[in-house]
Amino acid sequence: MSKQILIADDSESIREILTFILQNAGYQVLQACDGNDALKYFDGRPIDLLLTDYHMPHLNGLELTVKVRQIDHYKYIPILVLTTESQNEKIKEAKDSGATGWLTKPFNSEKLLNTLRKVIR
Amino acid sequence: MISFVEKFKDEVGEYFERLESGLLLLEHDPDNQKVIDEIFRIMHSLKGSGGMFGFDLISEVTHDLESLYDLFRSKTQKVDSEVITFTLNSIDSLKKLMVQEPTSDHRIMAEQMIAETQQQIARITNSKYIPGSHILLLPNSSDQPAANQTTYFISFVPGENILINGTNPLYLVDELNALGECNIQVSFDNLPHLSQIDPLKCYVSWTLFIATVENIETLHDVFIFVADNAQVQIEKVSSENVISNENVLAGFLNAKFNNEHWIPNEADVLVSEKNGKKLELDEKAEAELLLKSSADSINKTFFAQTSVDSIRVDSRKIDQYMNLVSELITTQSRMELISSRHKFPELEQLTETFEKLIIQLRDNAFYMSLIPIQSVSVRFKRLIHDLSKLLDKEVELVTEGMETEVDKNIIEKLMEPLLHIIRNSMDHGIENRTIRLAKQKEPVGKITIKALLIGSYVQIEIEDDGAGLDRDRIYEKALSSGILSDQDKMSDEEIYQLIFESGFSTSTLLTDVSGRGVGLDVVRKRIQEMRGSIKISTEKDRFTRFTVNLPLSLSIIDGLLTTIGESYFVIPSSVIRKIYTVKHELLIKDFRKEVELDGFQLPYINLHEVFESEKQVPEDQFVVVVSYGIQLFGLVVDEVLREYQAVIKPLGSMLKGQDVFSGASILGTGQLALVIDTKKLIQKYS
Amino acid sequence: MAAEIIQGLNSYFTFRLGTELFAVNIGNVTKILGLIEITKVPNSPRYFKGIINLFGDVLPVFDGRLKFGFSETVNTRNTCILVLVFEMNGQAVLSGIIVDSIEKVLIFEPEQINPELTAGNGYKSEYIHGIATLNDELVIFLNIDKIFSEDEISLKI
C-alpha cells in the first residue's frame, strides 16, 4: 500500500523538492501552502504522515499539529516538523504540541528518508 | 535538480522584493509586527532552504539576520532606521551571494556581513560584540568509518503513551536491525490481562544485542524522537562482533542481572580464551590460504575483465520461469493450508521459511522480467521524426526517466496506446511554425515523455507544448453527440476527460494521422485492460498532458482474501486503507448507503447485496476502506480472512465483457478467488 | 494454456442434454471432467455457471441445458463437464459445458450429415451445423465456434 504524505510549507521550492524526493521513494504526496490550507486535507482522506514547516503564515506548524491532534480520525498519525533550529527548546515545543519528531533544515534526500523511516514505512 | 534550483531562485527573487517593500514600510511604521514577522520568516526560509539548494553562503548569512529580527519579534527591542538601512544593504549583498560555487571574494563578503550583523545585534541588545564569534564552517572531511564491528546491548522500554503522538516503536527496532546484525528479544512482561488492555497503550519492550560498525551516537540517534518518552539504555558489550557467541551474551546479561560491572574487554578475553586454540589453527590455515589465493586472484581479475555483467535470455524462458514461480506460490499456499490444519510446529516453521524464500524468489523473478522503457524509445523518436516530415511541423523530443523499468508484457501492450497519443499530440497539439510564431511561442514544438516510478505503479507522461484542448468545443461536441445533457454540471477537468469517450473527435478535419476511426476511447480501453488509468490535463495554447498510470506487473499482486457468501474474493492491497467491523443491521437501516466510521461518513457498497449472494448475511460484516481516486469508499464483505499473495490468472476471452474482476487466483485448496478491480466495481455499483 | 484443435476427423463425440442427442467433432473435445465445485461469477447470466480451476488455469463453464433452452435438471452421477476447444478471433479458446451424460464416439461420413434442418426443432439455426439419424434417433451436430462467439458478447456482467 503506497503511503500518502501531506507536505505543508509556504516555500514552493521546498514543497517541490520534498515532493520529488518522496514520490521517487514511492510515496503519494499532497501539498499545502500553509497551515490553514493543510487543514483542508484532513477531510477523511487517507493521510499517513504530515510533514510541516515550523514557520508558516496564518497557521504555523505547531498550531497545525495541535489542530490535527484534535481530529479523531487523524489523532495518531505521525507528524514531523521541519525546522532550522536544533535547539532543545524549539524541539521541546514541537514535541509538546504533539509532533512525533522533527527534521532540521538543511537536509538532503538521504537525511529526509532516514528520518521518515523512523515514523512511517 | 536544475528545475528546483531555478524555482528556488525565482522564489528568492520574490523574497528580496518582499523584504525590500517590507523594510520601506517599516521605515514609516517601525512597530508593524506583521511586517517584522514576515521579514523574520523570510530570513528563516532563506536560512533553511539556501543550504538545500547549494547556496550555503545565503544560509550562513541569514542565520544571524534571522536572529536579529527575532529580537524585534519578541518586542523586547525596537527597529530603528540604522537597522533598516543595514538590512537593505544586506539584501543587495545577498543578491550577490546567490552563487552555488562561491569564490574567496564571496566568502570574504559573507564573513563581513556576518560580522556586521553581529555588531547590529550587539548594538541593539547593548551587549559587547566579540569579533570572530562566528566562523564559517569548512566543509567536513568525511571520516572513514571504522571497519570493526562493536557489539552493544540495547534496552528499549517505550513509555505507555508512546503511541499517542504517532510513534511506532517497531520502526525504531527495525531501524536498528538495519544498522547491523541483531539479536532481538521482545518482552511482554508488562502486558496486562486482555480485558485490561488499552489498545492505545504500548506494553511491549525490547532488549537486543547489535553488532555494528556504527558508533554509539548513531544508535542513540535512532531513539532521538522518543528520548523523553522511553527508557533507552545502550551499553558496549564487546569491541568485536560477538553476536553469535551465546556465552558472551549470556555472561553480559548475567552480569547485568546481578548488577555487576561489565568490562567490555573482558568479553574479548572471554572470546579469545574460548577460541584460543582454534585461533592458532586458523592463522596457520589462513596463511596457507593466502598463498594459494594469490594465484586465484590473478585468475579472478583476469576473468573479471573478460566476463560480462548481463546475459541475453530468450523472453519465453523468462515467461516460463515466471509461470513456474506462480505455480510455486500456488503450491506453497496449499502447503500452508495443510500445515495450519495439522498444527505441527516444525512443519509450520518450515512453511514460514518457505514462504519467505518464495516471496524473495517472486521478487527476483519479477525484476528479471522488467526492461527499461529506453528499449522502445527509439520507436517514439522514429514516429515523431516521420510525422514531423509528414505534417510539416518541427518537433523536438525530450525524454526523462527512460531508464524506468517495466514488465515487458506491459511495455508491449503499452506501445500502441502510447504511439497513438504521440500521433494525437503531433496532429492536434503541436502547431506549425507559422502559427507558433504568431502565438509568440518557440518556433520548434516540444514533446516531453517522462516515466516515473511511484510505488508499485509506473507513471508515464506525454506532454506537448501545443495548442491545448478547447474546452468549449469539447463541451458543445459532447452535447451535440448526446454524451452530455445540458443539465450535467461538470468541472473543466471533467470536461477534458470526455475526449476519452467513444465516438468523440473534435477534429473537424479528418487527417491521415490520428483521425482514422481509432480514437482515444480505444487508448483508454487498452490501458484499463492492464488495470491502468489515463488522465488528461491541458491549458489553452500552453500544453496538453496525458498521464498514464500502470501497475508494474500484471501477474502477481498482494491482496486481502475475503469471503462474500460462499465465494472468495481478493481485494488488491494497494488500494486498501483500513478495515473495520460493522453490524449488518446498521447497514440495513441506512438508506443513503453511507456508514459512519471514526466520525466520518463513508459511502459504501455491500458486496453481499450487489453480488446477489444467496447465503444468509452474517451479523458482523467487514468494511474494507479503499481509495477511489482521492475519495474513500467502503466495500462491505462478509469476512476478512488474511493477507494473500495472488497470482492472477486471466479470466479468458469468454469473460471479456465484464471488467469488475481483473482475474482469478487459485487458492491452496484448489478453489478459485475472483480478484476485484475496485475502481470498476465502484464505478458500476455506486 | 496449450490448446490445439485437430481438424478433419470424422469422429464425433456424442452427449445428451435432456432427451436430445448432440454431437461435436472429436477435435473440439479436450477433456471430460466430473462435476466439481464451480466458482460463481456474480451477476452473470443463469446459463453461465462460473469458473473452475483446470490444472492451474481458469476455465469458464456453461450449463448446456440452460444454454439450449432446456429446463435445469437435477445433477446425476452421469452429469459431467465437457471441456471444448474452439477458435475465437484466431485464437484457440477453452470452455466447459455441463452435459447430462456422455455417450460414445461415433464416425459419420460428411455425406451422412444433412445440413438442411428439419423444421421445428426449436434451436437457433446458426448453432447447428447439421443433423443425422442414428437408430431412429436424431443426432444434432453443433457448431461450437458459433455458440460461444455469441457468449462473449452477451456476457456483459
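1. Start in chain C. C:Leu134 stands opposite C:Glu137 in β10(C). The strands involved are β9 (residues 128-134) of chain C and β10(C), paired in the antiparallel sense over six bridges. Strands count as paired if DSSP finds at least two bridges between them. Helices (H or I, at least four residues) and strands (E, at least two) are DSSP runs, numbered from the N terminus. β9(C) and β10(C) make a hairpin with two residues between them. In the turn, C:Asn135 has a positive phi of about 45°.

2. A word on the source. This is a predicted model, in which local features need pLDDT of at least 70 and side-chain atom pairs count only at pLDDT 80 or more, while totals for chains, interfaces and linings use all residues. Residues are numbered from 1 along each chain as its sequence is written, and chains are lettered from A and ligands numbered from 1 in the order in which they are written.

3. β10 (residues 137-142) of chain C also pairs with strand β2 (residues 20-25) of chain C. Here the strands run parallel, joined by three bridges. C:Phe22 stands opposite C:Ile140 in β10(C).

4. Now the open sheet of chain A. Its five strands follow the order β2-β1-β3-β4-β5, with parallel pairing. Which strands stand at the edges? They are β2 (28-32) and β5 (101-104) of chain A, each with a single partner strand, so one side of each has no neighbour in the sheet. Neighbouring strands are turned by 20° against each other on average, direction ignored. Inside this sheet, β1 (residues 4-8) and β3 (residues 49-53) of chain A pair in the parallel sense over four bridges. A:Leu6 stands opposite A:Leu50 in β3(A).

5. Helix α3 (residues 61-68) of chain A packs on that sheet. α3(A) touches β1, β3 and β4 (79-83) of chain A, and its direction makes about 155° with that of β3(A). Axes are lines fitted to C-alpha atoms, for helices over the stretch in contact, and angles run from 0 to 180 degrees between N-to-C directions. Contact means that the C-beta atoms of two residues, placed from the backbone, lie within 7 Å.

6. α3(A) has a helix partner too. α3(A) and α4 (residues 88-97) of chain A pack at about 20°, with their axes 8 Å apart. That makes α3(A) roughly parallel to α4(A), a label for angles under 35 degrees. α3(A) contributes A:Leu62, A:Thr65 and A:Val66 to the contact, and α4(A) contributes A:Glu93, A:Ala94 and A:Ser97. By class, the contact has three nonpolar, two polar and one charged residues. Ala, Val, Leu, Ile, Met, Phe, Trp, Tyr, Cys and Pro count as nonpolar, Asp, Glu, Lys and Arg as charged, and the others, Gly among them, as polar.

7. Two backbone angles deserve a look. Most residues other than glycine have a negative phi. A:His58 has a positive phi of about 65° although it is not a glycine. A:His58 sits in the loop between β3 and α3 of chain A, and is partly exposed, with 14 other C-beta atoms within 10 Å. Phi of B:Asp541 is near 60°, again positive in a residue other than glycine. B:Asp541 lies in the loop between β10 (533-539) and β11 (543-551) of chain B. B:Asp541 is partly exposed, with 15 other C-beta atoms within 10 Å. A residue is buried if 20 or more other C-beta atoms lie within 10 Å of its own, exposed if 12 or fewer, and partly exposed in between, with C-beta atoms placed from the backbone.

8. Chain B has 20 helices and 21 strands. Of its 686 residues, 33% are buried. In helix α20 (residues 678-685) of chain B, the buried residues are B:Thr678, B:Lys679, B:Leu681 and B:Ile682. Seen down the axis of α20(B), they fall within an arc of 165°, so they line one face of the helix. The arc is that of the directions from the helix axis to the C-beta atoms. Their cover includes β13 (567-572), β16 (600-606) and β21 of chain B.

9. Last, the interfaces. 34 residues of chain A are in contact with 38 residues of chain B. Helix α1 (residues 12-24) of chain A gives the most to the chain A side, with seven residues. Between chains B and C, 23 residues of chain B are in contact with 23 residues of chain C. β20(B) gives the most to the chain B side, with three residues.

Note on methods: Angles under 35 degrees count as roughly parallel, over 145 as roughly antiparallel, 65 to 115 as roughly perpendicular and the rest as oblique.
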